[in-house]
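Student: I would like to take a close look at one part of this model with you. Could you walk me through it slowly?

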Amino acid sequence: MATSQASAWVDFITSFVVFAWIGLSGGDAAAAGAIAGGIVNCTLNYKWTFRGSHCPVANVVIKYMMVWIGSLLLNAYGTEYLTELCLASEMLDSWGISRNLRFTIARLTVSFLVSVFWNLLLQRTFVYRSIKFDTILSAITRAR
């Protein structure tokens, strides 16, 4: 829980700063946050959450990158899509909801869905566990 919170804070602070202050699009802001949060998440999860020390570091990094790229794409495109829907919403216009709050709603919604139904599931069952795929990864990384 703590590692998830730490990486989420890094992700959200980064994405909100680059959206509101730098002016990146919702999708680009989500991507920037995902990069920052992903680095924190992988490091903390490897050391503490899933105690992945029984898996070779190279294998964990490769598997994490595979999952993380999917997460990055889902977060970026999902946030971009939902932000655009929120920005075009006449109902939210009538309620006086600001542009930044609409982005916040989109970002939090997409992030929650991706975190539960993609990241947690795949990290628990794929990234930090020794599986048959590790044999292939070990052969590839040793061949270099």
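Student: How many salt bridges does the structure hold?

Tutor: Let's begin with what we are looking at. This is a predicted model, in which local features need pLDDT of at least 70, side-chain atom pairs count only at pLDDT 80 or more, and totals for chains, interfaces and linings use all residues. Residues are numbered from 1 along each chain as its sequence is written, and side-chain values use heavy atoms, with hydrogens and water left out.

Now to your question: the structure holds three salt bridges. A salt bridge here is a side-chain nitrogen of Lys or Arg within 4 Å of a carboxyl oxygen of Asp or Glu. The general idea is friendly enough: side chains of opposite charge can pair when their charged atoms come close.

Take Arg107 and Asp11, whose side chains meet in a salt bridge at 2.4 Å, N to O. This pair links distant parts of the chain, with Arg107 in helix 5 (residues 99-127) and Asp11 in helix 1 (residues 2-22), 96 residues apart. Helices in this account are DSSP runs of H or I with at least four residues, numbered from the N terminus. Arg107 is buried, and so is Asp11. As for the word, buried means under 20% relative accessible area, exposed means over 50%, and partly exposed is in between, using a 1.4 Å probe and protein chains only.

Next come Lys63 and Asp134, which form a salt bridge with their closest N and O atoms 3.0 Å apart.

The remaining salt bridge joins Arg102 and Asp93, with the closest N and O atoms 2.6 Å apart. Its two partners are worth looking at one by one. Arg102 counts as buried because its relative accessibility is 4%. Asp93 is partly exposed, because its relative accessible area is 45%.

While you have helix 3 in view, find Met65, which is found in that helix (residues 57-87). Met65 has a relative accessible area of 38%, so this residue is partly exposed.

To look back over the salt bridges: Arg107 pairs with Asp11, Lys63 with Asp134, and Arg102 with Asp93.

Terms used:
Helices (H or I, at least four residues) and strands (E, at least two) are DSSP runs, numbered from the N terminus.
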